[in-house]
Amino acid sequence: MSNSPHQLGVSVRRDPDATIVTLAGEVDLRTSPQLRNTLHELLENRPPRIIIDLSDVSYVDSSGVGTIVELKRRAMRSGSDVILVGLQTRVRSVFEITRLDKFFTIAKDIDEARKV
Amino acid sequence: MSESAELNLEITSDPGELAQVREAIRKWAIVQQWSDTEVADIVLAADEALSNVIRHGYDGEPGHPIEIHVRALADDRVGSGLEIVVRDYGKQVPLDQICGRDLDDIRPGGLGVHIIHSVMSEVKYEHAPGGGMRLVMRKYRASTSASPDARPEEP
């Protein structure tokens with residue numbers, strides 16, 4: 001997985017109880033299409049729970065937030081849930097500015113997200 | 001801090017250029033002694049403005065020019081701050097259509113304008129002479145407050 005600060009690394013791990021998506025880098029207008037493709041492919045397997053680990057995401061803009069909103073809306077229609085974990089202060093701030101922190105379940109880490 | 005410090009950038013409408021602009025503005029704002037939170041806000045506002053130009057002004061088509069002018073403000077009326085001007089040569093969007101959407105309507109898209117207004121002190125869109133749009137964003141330091149009468153200068 002690439003972790004260049006100006007690129008976006010995406011890795012996926014499928015556990016029995018959850019699919020865990022780990023992102024690293026920056027989510028902006030350039031990288032969000034790549035993220036959208038990856039996330040929507042995940043839904044094809046109808047995982048009961050998708051945990052998105054943002055611990056190593058240093059920047060997210062409205063296109064990144066919008067991509068994750070789109071995933072959650074589609075996941076809800078197919079009976080899946082989306083949980084965000086590890087939001088850095090600035091990343092959380094973008095969710096708060098757009099009031100989307102209320103739309104998502106946000107957990108401290110993956111262990112906590114498994115228990116939600 | 002240099003009160004006349006300026007940063008002028010010219011890019012094309014390629015999303016791949018955004019990271020470099022963010023980095024340049026981030027470094028400039030740090031030199032101008034903005035706080036970490038304010039630097040992050042400034043960078044986010046600039047990025048959202050440029051993303052909107054690429055997506056809406058140029059319909060996602062790469063290769064078109066965008067100019068970014070950043071300067072420190074030392075205005076006695078409103079205190080110190082900075083101004084970011086984003087100039088494009090794309091579509092002239094009706095000014096009354098540029099507004100943040102209802103945040104209670106949870107859906108992707110349309111958040112950029114809301115973010116810009118949230119993190120900047122003043123935001124003004126205008127049709128640029130000769131075509132395209134001109135966006136003027138100002139942010140004042142937390143220790144100063146903007147006069148209600150103070151608005152970005154006309155071009």
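A:Phe95, A:Phe103 and A:Phe104 come together as one aromatic cluster in this predicted model. A pair of aromatic rings is described by the distance of the centres and the angle of the planes. Here rings of Phe, Tyr and Trp (its six-membered ring) pair if their centres lie within 6.5 Å, with planes under 30 degrees apart counted as stacked, over 60 as edge-to-face and the rest as tilted. Over all chains, the structure holds 2 aromatic pairs. One of them joins A:Phe95 to A:Phe104, edge-to-face, at 5.7 Å centre to centre and with 90 degrees between the planes. In the pair of A:Phe103 and A:Phe104, the centres are 5.2 Å apart and the planes stand at 75 degrees, so this pair is edge-to-face.

A:Phe95 and A:Phe104 are both buried, the latter with a relative accessible area of 6%. A:Phe103 is buried with a value of 18%.

Charged side chains also meet aromatic rings. A charge is taken to sit over a ring if NZ of Lys or CZ of Arg is within 6 Å of the ring centre and within 35 degrees of the ring normal. The charged end of A:Lys72 sits over the ring of A:Phe103, 5.2 Å from its centre. In chain B, B:Arg141 lies over the face of B:Trp34, at 4.2 Å from the ring centre.

Attention now turns to the pockets. On a 1 Å grid over the protein atoms alone, a pocket is an open set of points where a 1.4 Å probe fits, with protein on both sides within 12 Å along at least five of seven lines, and lining residues have an atom within 4 Å of a point. Grid points are joined across faces, edges and corners, and a volume is the space filled by probe spheres set on the points. The largest pocket holds about 500 Å³ of space. Its lining has 22 residues, and B:Asn52, B:His56, B:Ile98, B:Val113 and B:Tyr125 are the closest to the centre. Two or more lining residues come from each of α2 (36-57), β3 (79-88), α3 (112-119) and β5 (133-140) of chain B, where helices (H or I, at least four residues) and strands (E, at least two) are DSSP runs numbered from the N terminus. The most is given by α2(B), with 6 residues. By class, this lining has 11 nonpolar, 8 polar and 3 charged residues (Ala, Val, Leu, Ile, Met, Phe, Trp, Tyr, Cys and Pro count as nonpolar, Asp, Glu, Lys and Arg as charged, and the others, Gly among them, as polar).

The second largest pocket holds about 380 Å³. It is lined by 20 residues, and A:Ser58, A:Tyr59, B:Arg26, B:Ala40 and B:Val43 lie nearest its centre. At least two residues each are supplied by β3 (49-60) and α3 (89-97) of chain A and by α1 (18-31) and α2 of chain B. This lining divides into 10 nonpolar, 4 polar and 6 charged residues.

Finally, the backbone. Most residues other than glycine have a negative phi. A:Arg46, in the loop between α1 (32-43) and β3 of chain A, has a positive phi of about 45 degrees and counts as exposed at 56% relative accessibility. B:Gln33, in the loop between α1 and α2 of chain B, has a positive phi near 65 degrees and is exposed at 58%.

Residues are numbered from 1 along each chain as its sequence is written, and chains are lettered from A and ligands numbered from 1 in the order in which they are written. Local features need pLDDT of at least 70, side-chain atom pairs count only at pLDDT 80 or more, and totals for chains, interfaces and linings use all residues, while side-chain values use heavy atoms, with hydrogens and water left out.

Terms used:
Buried means under 20% relative accessible area, exposed over 50%, partly exposed in between (1.4 Å probe, protein chains only).
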